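Hi,

Here is the structure I promised to send over. Have a look at it first, and then read on for what turned up.

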Amino acid sequence: MLLQVSDLSKSYGVTPILSRITFQIQERERIGLVGVNGAGKSTLLQIIAGEMSYDSGTIYKAKETRIGYLAQNSGLQSDRTIIEEMREVFRALLDTEQELRQLEVAIADPDLQRDEKRYEETLARYAERSEWFRSNGGFEMDTRIKSVLHGMGFSQFDPNTVISTLSGGQRTRLALARMLLQAPDLLMLDEPTNHLDIETLTWLESYLRGYSGSILIVSHDRYFLDALATGIVEIERHAAKRYTGNYSRYIDLKAAEYESQLKQYEKQQDEIAKLEQFIQRNIVRASTTKRAQSRRKALDKMDRLDKPLGELKKAHFSFEIDRQTGKDVLTADSLSVAFEGADQPLFRNISFRLERGETVALVGPNGIGKSTLLKALIDRQPLANGAFRWGSNVKLGFYDQEQATLTGSNTVLEEVWSAFPHLEEARIRTVLGNFLFSGDDVQKVVSSLSGGEKARVALAKLMLDRANVLILDEPTNHLDLFSKEVLESALIDYDGTLLFISHDRYFLNKMAERIVELTPDSCRHFLGNYDDMIEKKQELEELAALAAAEAASGKGAAKSQAAAVDTSSTPSSSYEADKQAKRDERTRQRKLEQLEASIAELESAIEELETELTKPEVFNDYVRVQEIQASIDAKRTELAAVYEQWETLVG
């Protein structure tokens, strides 16, 4: 066991944050720490790392256990160069290496060789330090540094770049790279994926799966948690509960646990009701008083179950439009952006189209210009070359990941109301309530809000826009896992057109019908979602490797030429057919989800009506029984019709 947290509690004044938190971390475990924004996840990591005090409880760790903690957005502050900072991690090895060089010089000294005793002692010291250097990874030191820097996206950087000249996101990635090189026994990371592109995120995922120590990680990236976590610790209502398995497994276990607890509670409530009815009917009769008193004693001794609390309150909203756009929403042709003083354009030759109702994702490595492209499309960034044209009846709604459109001095209420002054205050407050700003929360100043709260304010304004084309720059950044699910549901039901940037692979899989991947010199188009894109890329790589092998062996030239002809002659209708098929499948899935929700609702309503029939005050009332039975029959007929539609879609 590396770490044990027992009955740990923390409050700010009278407000509890953590209450009697208890869990353990064993060697080689990879634990995901989850919960809504503000649940206390970051506070818990800071307490374990010794950076924050706690009110009560104990934290036990073995003396030799080394803990490494990287806070959220904690950029590396250093005046060293990249390579100097990374090598400093291995200071003990560097000092030993320096000592070995000095010993080598001494061993070669003729004066020392003439002193047999000192010479033997020096040789023994050299052998001892050489073995220590080897066993502690001295010969792999530079290779490890290069590997981690490459994986974290610094392969194109001059290793002598001074760290203080890097951007905030780059310094955060470098801080993570240094922490990985330190390789503590327990690695604690708070939202490490926020500033990573998909390529870097995939590398980090692979690296951490093979990590020799234990990991405790706060993340709102479901794809990442599913690939990495062997256990989940959930913080909810100030308490902690542990689940075995990854995030998807945790969701299933939690749902099953709630259903089981609810059934036990309802069963006990039925038992209590029967006992109370028996006592009420029989307590006054002389012949049955003893039995009634016995039942009352049993009732008093019963260990009553609390009703399971179920899910926390979630934000709930939908994006609606006033009118549809024309069929052609956007045509972008050979777009290029160059910043003043730069030798090369940020990107060029970017061409794509958007049609009504499409959901298209923009992807590419950090720094390629995805956010800049979106800003160019809404006239916030000038183009160097190319042109774009929006279609008829287009009303744009833009979500900025940096929340630059929010005014820090406004309260939450002022921020939204000033954008929509024609709406009544009651309407604004209702909308903010849907985004979990209730009561005095609407008087919070925007500058004091957390990243997740600012994101919810920006989404509230976006919802009220009623735009028929949404342009979203990293909409899931700063949102907790529960808020992401609500956003996905709202966007799936959106009737407009969607163009978005995201590094969230789960979100890309759920939302994207088509992906445009940006490169410095052009862009590539992929039908389908993220997994479809990865599969297509692997297929193209295999074909390229096969073609290279055939060319190297002097064969297959004719085949390659024929394949090229076949490819060029593929009709565009095939692309349109594939696109329409993807759209139809998405519509089918959406309809299935709606039907399944209706089935669950109808079955629940029938069950409630049937339960009502068993109540004494109802089954003795003939007229009421007839009414309820008629309602049950009507709902069963409706349920049969819904099931028929569901079976047709499934079949």
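Before the sheet, a word on terms: two strands count as paired here if DSSP finds at least two bridges between them. Keep in mind, too, that this is a predicted model.

With that, on to the sheet. Three strands make up an open sheet, running in the order β11-β10-β13, with antiparallel pairing. β11 (347-355) and β13 are the edge strands; each has a single partner, so one side of each has no neighbour in the sheet. On average, neighbouring strands here are turned by 10 degrees against each other, ignoring direction. Leu330 is a handy place to start, as its bridge partner in β11 is Leu354. As a reminder, strands of a sheet pair through backbone hydrogen bonds, either parallel or antiparallel.

Next, Tyr265, which you'll find in helix α10 (residues 247-282). Is Tyr265 buried or exposed? Its relative accessibility is 17%, and the cut-off for buried is under 20%, so Tyr265 counts as buried. What does Tyr265 touch, leaving out residues up to four places away in sequence? The answer is Leu305, Asp306, Lys307 and Pro308. Take Lys307: Tyr265 and Lys307 are 42 residues apart in sequence, yet their C-alpha atoms are 6.1 Å apart in space.

Two backbone spots are worth a click as well. Most residues other than glycine have a negative phi. Asn393 has a positive one, near 60 degrees, and sits in the loop between β13 (385-390) and β14 (396-399). Asn393 counts as partly exposed because its relative accessibility is 35%. Leu436 also has a positive phi, near 70 degrees. You'll find Leu436 in the loop between α14 (425-434) and α15 (451-465), and at 24% relative accessibility Leu436 counts as partly exposed.

Last, the confidence scores. The chain averages a pLDDT of 87, and 95% of the residues score at least 70. Over residues 562-572, though, the pLDDT is below 50, and this stretch has zero contacts in the model beyond near neighbours in sequence. Where pLDDT is low, the predicted coordinates should not be read in detail.

Cheers

How values were computed. Residues numbered from 1 in each chain as written. Predicted model: local features only at pLDDT ≥ 70, side-chain atom pairs only at ≥ 80, totals over all residues. Heavy atoms only, no water. Helix = DSSP H or I, 4+ residues; strand = E, 2+ residues; numbered from the N terminus. Buried < 20%, exposed > 50% of the residue type's maximum accessible area, 1.4 Å probe, protein only. Contact = heavy atoms within 4.5 Å. Axes fitted to C-alpha atoms, helices over the stretch in contact; angles between N-to-C directions. pLDDT = per-residue confidence, 0-100.
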